[in-house]
Amino acid sequence: MSWGTELWDQFDNLEKHTQWGIDILEKYIKFVKERTEIELSYAKQLRNLSKKYQPKKNSKEEEEYRYTACKAFLATLNEMNDYAGQHEVIAENMTSQIIAELVRYVQELKQERKSHFHDGRKAQQHIETCWKQLESSKRRFERDCKEADRAQQYFEKMDADINVTKADVEKARQQAQARHQMAEESKTDYSSILQKFNHEQHEYYHTHIPNIFQKIQEMEERRIVRMGESVKTYAELDRQVIPIIGKCLDGIVKAAESIDPKNDSQLVVEAYKSGFEPPGDIEFEDYTQPMKRTVSDNSLSNSRGEGKSELKFGGKSKGKLWPFIKKNKLSLKLGATPEDFSNLPPEQRRKKLQQKVDELNKEIQKEMDQRDAITKMKDVYLKNPQMGDSASLGHKLGEVSQNIEKLRLETQKFEAWLAEVEGRLPARSDQARRQSGMYEAQNAPSVNNCAQDRESPDGSYTEEQSQESEVKVLATDFDDEFDDEEPLPAIGTCKALYTFEGQNEGTISVVEGETLFVIEEDKGDGWTRIRRNEDEEGYVPTSYVEVYLDKNAKGAKTYI
């Protein structure tokens, strides 16, 4: 099958068809180009989506990604970022291996097509010129033959006419002969041109046109093959990234399989465990029976105690069960976080202190590495004075050593607090507390500030007096939620050994020698809850009072 033989007379249709083939190729290039734009846009949207949901640096949101479910989500975001990268690879490869190559090929194809059809038109023009020459010689031959016939008839007429002179007859005969000669020449010329035209026409239809059309056919077939290769490349470029995309998806599946609900539950415990013990049972109070209290000889009289008890149960109480109080409310009002994190529950305080100790140890190690580097450099300068002055490093070495010492002291301070929280330090007995209180009373300047190293009822340490005055808050704002609670029963009495000015929320001021009711004993945090009357109660340092508990009260302990 050859276009040259089968389509010898379809020059114009072949010209249209080949132009259509180029248009199809350009349409395919446009399609691939739009596909690359979609891939790039999709990749950009995926990257923006991944970035949008990434946790912010040094934020609370970043801490949430300790949980395995959140880690799986973070892994998904990271894998989607890599996934987006593969779509960028697809766009890049399609641009370089398909679009750029086809654009260059189309330009070459247009030039080749133009050249072939130019040769075809040139051959057409040549055969048309030959045809015109043939027609011209044919008409001339025809005209000369007619002229020769007319001249011959005129001669014969003149020759037959007796009235015509011999000269006129001879003249007519010569004209007839001349016309016949011209006809013969035209015949010869026409015959020659006809043979030439037939030869040219044969060459045109059996050689020139078939060769040109064969080249056009080959050109068109190459275009078809090239487009097929491009379509195959289009699919292959997609297939090349499938393994990597599969790995991204496998990473997401692996992250999902790593989710551990038990581990996340344990992290919740670590994050929010307070370390407090649950409150004990509440004792039944029988109001139908007169209240009876048994106190020691050094306490108030029974009648006085009963009177106070009766007074205690009248009106609203400001009493609280500390484990259920919104302690953070006080911390927010106070503003600054204490250095020893005493505003936090025991377990959370331990974690913060441990974290601080680890940070300080890292800083110490960093300073020690710097000191070692300076020491080595100093030794090099001593051995090779031309490299530098060793004395210039002495000052810096001293600064680093001072920094190390400061950090060590700081670490020891936090380790001491950590040891106290973890219970590594021996618990102080009541006698030790009293001795401590007497010692503090003898040191008058520090009496009012002695509570700054002891925990307050909400798990925080009180600040120095100057700081307390700046952050003093109204107890009514904190206690409105608890106005309707039942008052706690008195479990004993106490006598103030020293004056205490309770300036923080939840504390109460006492005067040396004053006797008050005990409604909650020391739970190991160094504070005792007392009541003066129905509207005045709060916490005081245990070392500031001497406690006399009612032996019959539930859970009461006798302090010796």
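Of the contacts in the chain with a separation of 6 or more, 75% are between residues 24 or more positions apart; contact means heavy atoms within 4.5 Å. The model is predicted, so local features need pLDDT of at least 70 and side-chain atom pairs count only at pLDDT 80 or more, while totals for chains, interfaces and linings use all residues. Residues are numbered from 1 along each chain as its sequence is written, and side-chain values use heavy atoms, with hydrogens and water left out.

The chain has 13 helices and 5 strands. Both are DSSP runs numbered from the N terminus: helices are H or I with at least four residues, strands are E with at least two. Buried residues make up 36% of the 560 residues, where buried means under 20% relative accessible area, exposed over 50%, and partly exposed in between, for a 1.4 Å probe and protein chains only.

The helices come first. Two packed helices are described by the angle between their axes and the distance between the axes. The axes of helix 2 and helix 5 (residues 166-257) come within 11 Å and cross at roughly 15 degrees. That makes helix 2 roughly parallel to helix 5. Axes here are lines fitted to C-alpha atoms, for helices over the stretch in contact, and angles run from 0 to 180 degrees between N-to-C directions. Angles under 35 degrees count as roughly parallel, over 145 as roughly antiparallel, 65 to 115 as roughly perpendicular, and the rest as oblique. The crossing of helix 2 and helix 5 is left-handed, a term used if the near helix is turned anticlockwise from the far one by less than a right angle, with right-handed for clockwise. By class, the contact of helix 2 with helix 5 has 15 nonpolar, 4 polar and 4 charged residues. Ala, Val, Leu, Ile, Met, Phe, Trp, Tyr, Cys and Pro count as nonpolar, Asp, Glu, Lys and Arg as charged, and the others, Gly among them, as polar.

Helix 2 spans residues 11-52 and includes threonine 36; threonine 18 is also found in helix 2. Threonine 18 is buried, with a relative accessible area of 1%. Leaving aside neighbours within four places in sequence, threonine 18 is in contact with Arg113, Phe117, Ile216, Met219 and Glu220. Threonine 36 is buried too, at a relative accessible area of 5%. With neighbours within four places again left aside, the contacts of threonine 36 are Ala91, Met94, Thr95 and Ile99.

The contact of helix 9 with helix 10 has 18 nonpolar, 7 polar and 12 charged residues.

Next comes the sheet. Strands of a sheet pair through backbone hydrogen bonds, either parallel or antiparallel. Here 5 strands form an open sheet in the order 4-3-2-1-5, and the pairing is antiparallel; two strands pair if DSSP finds at least two bridges between them. The edge strands are strand 4 (536-541) and strand 5 (545-549), each of which pairs on one side only. From one strand to the next the twist averages 40 degrees.

Strand 2 (residues 515-520) is mostly covered, with 5 of its 6 residues buried. Strand 1 (residues 492-496) runs antiparallel to strand 2 and is joined to it by 4 bridges. Valine 518 in strand 2 is the bridge partner of glycine 492, and isoleucine 530 in strand 3 is the bridge partner of valine 518. Strand 2 and strand 3 (residues 527-533) pair in the antiparallel sense over 3 bridges. These two strands form a hairpin with 6 residues between them, and glycine 524 in the turn has a positive phi of about 100 degrees. Glutamate 520 lies in strand 2 and is buried, with a relative accessible area of 15%. Glutamate 520 and leucine 549 are 29 residues apart in sequence and 9.9 Å apart in space, C-alpha to C-alpha.

Strand 3 and strand 4 form a hairpin with 2 residues between them, and they pair in the antiparallel sense over 6 bridges. Proline 541 in strand 4 is the bridge partner of tryptophan 527, while threonine 528 stands opposite valine 540 in strand 4. Strand 4 is mostly covered, as 5 of its 6 residues are buried.
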